[in-house]
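This briefing is meant to be read with the structure open beside it. Please follow each topic in turn and find the named parts as they come up.

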Amino acid sequence: MSGPLALFLASFLALAGSFALSWLFTGRVLAYLRRKAILDHPNDRSSHSIPTPRGGGWGVMLTLLPVWTLIAMTVDHPLRALPILAGTVALMAVSWMDDRRGLGPAPRFLAQIAAVVAGLTALPGGALPGDGLVFQGLLPFWADRLVAAVGWLWFVNLFNFMDGIDGLAGGEAASVGAGLALVAALGVLDPALTLYGLAAAGAALGFLVWNWHPAKLFMGDVGSVPLGFTLGWLLLVLAASGLWVAALLIPAYFLADATLTLLRRLAEGKKVWQAHREHFYQKATQRGRTHAQVVRLVLALNATLLLLAVASLALGWTVLPAGAAAVVLLLALLARPARATA
């Protein structure tokens, strides 16, 4: 692909085509889930009160896989994307088994480790010191890849943990995909990175039509786990390309909420692998905010973080304090009871 017009047309097709396909596929998946009575029944850790179809992530992933394959075949290097596509398929299979029958943590985690280890081969590499390294040469190659793998595993799991209210995971996936695409385009990176991000954003938005509060269906692990894997790869590629500040800022809310909640539960001696309702976004709904109100606040923060990510192209790490302050302000707001309305 060459020329700005060709890239613009490809970008439009990646976004609009993925949106249309995801909207269509998710509707078909919803009908199937209802027919088979594959439902998420409320329990004491749920944020919903009526049985709701679970597995809507099929609509997202059945869009993302073929669109990403097309991008890999026409714009990217197919062999580079192969480990990501294969890892995504494997995680979908394991996650769907978990959605349907419930798997223990060991098989899920082993599948995630295998996918991430294979996916490390799809990260950029170069001959110069720091070239293609996620941590910009601060660590030797082996340590760079080891820490990147641990961070990637955490991102896969936190994305799953944060899929707990209507619209949140879909809204975050759209924000990360679109934000990453914009930064990659402005930073004059590989056009494939822009197209991958836009395809992810379009697929998430098509799903969000069905998942906005009150949700007609839930994403399930079959969507949240492979989405965390694919988006995590894109963020690591962005960091390894030199734009590590933007790679931190774009997903900063999910990183902060999930990590702080984990550390708090560790300090309290709780079993961190068990499901719970202690994330900031969950506590906000318990204190009177609706799902839609919480997601709108997160999307507003994401827009702010994206502006800072764009600014980082010129200002570098100096924008990080502003991003941290914005995240802290939102977490503090979510921790406060909602104002009563007359």
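The structure is a predicted model. Over residues 233-256 the chain is 79% helix and 0% strand, with the end C-alpha atoms 19 Å apart. These residues make up one of the spans that the UniProt record, an unreviewed entry, annotates as "transmembrane region".

**Annotated spans**

**Packing of α12 and α13**
- Helix α12 (residues 291-315) and helix α13 (residues 320-334) have axes that come within 10 Å and cross at roughly 175°.
- Angles over 145 degrees count as roughly antiparallel, and α12 and α13 are therefore roughly antiparallel to each other.
- Among the residues that make this contact are V294, L297 and L301 of α12, together with A322, G323 and A326 of α13.
- Sorted by class, the contact of α12 with α13 has 12 nonpolar residues, 2 polar residues and no charged ones.

**The second largest pocket**
- The second largest pocket holds about 490 Å³ of space, and 20 residues line it, of which V134, F135, L236, A247 and L248 lie nearest its centre.
- Helices α5 (141-161), α8 (221-240) and α9 (244-249) each supply at least two residues of this lining, and α5 gives the most, with 7 residues.
- The lining of the second largest pocket divides into 17 nonpolar and 3 polar residues, with no charged residues.

Methods
Residues numbered from 1 in each chain as written. Predicted model: local features only at pLDDT ≥ 70, side-chain atom pairs only at ≥ 80, totals over all residues. Heavy atoms only, no water. UniProt positions renumbered as here; feature names shortened; annotations may be inferred. Helix = DSSP H or I, 4+ residues; strand = E, 2+ residues; numbered from the N terminus. Axes fitted to C-alpha atoms, helices over the stretch in contact; angles between N-to-C directions. Parallel < 35°, antiparallel > 145°, perpendicular 65-115°, else oblique. Contact = heavy atoms within 4.5 Å. Nonpolar A, V, L, I, M, F, W, Y, C, P; charged D, E, K, R; others polar. 1 Å grid on protein atoms, 1.4 Å probe; cavity = no way out; pocket = protein on both sides within 12 Å on 5 of 7 lines; lining within 4 Å. Points joined across faces, edges and corners; volume = space filled by probe spheres on them.
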